[in-house]
Amino acid sequence: MTVPSDPPDADRALKAKHRAMWAQGDYPAVAAEVIPDLGAILAEACGVGPGDRVLDVAAGSGNAAIPAALAGASVVAGDLTPELLEAGRALAAQRGAEVEWDQADAEALPYADGEFDTVMSCVGVMFAPHHQASADELVRVCRPGGTIGLLNWTPEGFIGQMFAAMKPYVAPPPPGTQPPPLWGSEGHVRALLGDAVTEVVARRQMVTIDRFAHPGEFLDYFKANYGPTIAAYRGMAGDPERVAALDHALTELARTHLRGEEKAVMEWEYLLLTARKRG
């Protein structure tokens, strides 16, 4: 088993900041109310079935882990944030799914080389700050011939645009880190996985969001529930002009994406990519 080295102090502080960010608000509600189908889409694309040993990386509250378990797989869900794991345990119990829940850093997974038949992540690993380290770990813990499956927001889609809109209002990221939506770029993910994989299949798809009737409802929901948005606002709580400016930017972004007269919907783009680890 490859044992990852201890991270430097700056990296530990960054991970602690990330844990705190995702513990804010109610990400399990976002996963269940806004994007409930994405995890099942990923599990199906990976061909998860009975007897498979599956790892869900940066699993959150189990949006992909629970469908994989209900498909008959033996599933481990790992995430950096204990509060999300607790929510996942409760959701799995409600749905009758058996899942093992571990606190685990996507950049230093506590599992043996080649331990899993399928290693997947649904809008999760994209938020780990060091992309190559995370990609190397995805590959390492997957067995030769096993499947790696990723579903991530694209830079050009709604969530990618939302992060671009928030960028001027948050502190610059530490050197050496990369923005999450890059994981939604096929070229970036292919470069990260490199020659370690073959049979790469990537396609851009849309998920229909029907949770928000108007832009103000979207803004209020994300300010209350989505960790990165909450963190952005808390970082400038003493500056009402900047708060108002970000309010305007996010409201206008939502306005440009909402469609429909009888029922308002949005279409959010993601990249669905599967690959096979070389034998």
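User: Which residue in E4 is the bridge partner of Asp56?

Analyst: In this structure, which is a predicted model, Asp56 has Met120 as its bridge partner in E4. That pairing belongs to the contact between strand E1, residues 53-57, and strand E4, residues 116-122, which run parallel and are joined by three bridges.

User: And what is the order of the strands in the sheet?

Analyst: The sheet is open and has seven strands, which follow one another in the order E3-E2-E1-E4-E5-E7-E6, with mixed pairing. At the edges are strand E3 (99-103) and strand E6 (197-209), each of which pairs on one side only. From one strand to the next, the twist averages 15°.

User: Which strands does H8 touch?

Analyst: Helix H8, residues 186-193, packs on the sheet and touches strand E5 (142-153), E6 and strand E7 (266-277), and the direction of H8 makes about 25° with that of E7.

User: OK, staying with H8: at what angle do H6 and H8 pack?

Analyst: Helix H6, which covers residues 131-141, packs with H8 at an angle of about 60°, and their axes are 9 Å apart. The two helices are therefore oblique to each other, and the crossing of H6 and H8 is right-handed.

User: Which residues meet there, in H6 and in H8?

Analyst: From H6 come His131, Gln132, Ala135, Asp136 and Val139, and they meet His188, Ala191, Leu192 and Leu193 in H8. Sorted by class, this contact of H6 with H8 has five nonpolar residues, three polar and one charged.

User: Switching to H7. How far apart are the axes of H7 and H10?

Analyst: The axes of helix H7 (residues 158-166) and helix H10 (residues 227-234) are 11 Å apart, and the two helices pack at an angle of about 10°. That angle makes H7 roughly parallel to H10, and H7 passes H10 in a left-handed crossing.

User: What meets what in that one?

Analyst: On the H7 side, Met162, Phe163 and Met166 meet Pro228, Thr229 and Ala232 on the H10 side. The residues of this contact of H7 with H10 are five nonpolar and one polar, with no charged residue.

User: And H7 with H11, parallel or antiparallel?

Analyst: H7 and helix H11, which spans residues 240-257, pack at an angle of about 160° with their axes 10 Å apart, and they are therefore roughly antiparallel to each other. The crossing of H7 and H11 is right-handed, whereas H7 passes H10 in a left-handed crossing.

User: Which residues in H7 meet H11?

Analyst: Phe158, Gln161, Met162, Ala165 and Met166 in H7 meet Leu246, Leu250, Leu253, Ala254 and His257 in H11. The contact of H7 with H11 divides into eight nonpolar and two polar residues, with no charged residue.

User: Something else now: how many aromatic pairs does a search of the whole structure find?

Analyst: A search of the whole structure finds 17 aromatic pairs. One of them is formed by Trp22 and Tyr226, which are arranged edge-to-face, with 5.6 Å centre to centre and 85° between the planes.

User: Where in the chain are Trp22 and Tyr226?

Analyst: Trp22 is in helix H1 (residues 9-23), while Tyr226 is in the loop between helix H9 (215-225) and H10, so that pair links distant parts of the chain, 204 residues apart.

Key
Residues numbered from 1 in each chain as written. Predicted model: local features only at pLDDT ≥ 70, side-chain atom pairs only at ≥ 80, totals over all residues. Heavy atoms only, no water. Axes fitted to C-alpha atoms, helices over the stretch in contact; angles between N-to-C directions. Helix = DSSP H or I, 4+ residues; strand = E, 2+ residues; numbered from the N terminus. Parallel < 35°, antiparallel > 145°, perpendicular 65-115°, else oblique. Left-handed = near helix turned anticlockwise from the far one by under 90°. Contact = heavy atoms within 4.5 Å. Nonpolar A, V, L, I, M, F, W, Y, C, P; charged D, E, K, R; others polar. Pairing = 2+ DSSP bridges. Phe/Tyr/Trp six-rings, centres within 6.5 Å; stacked < 30°, edge-to-face > 60°.
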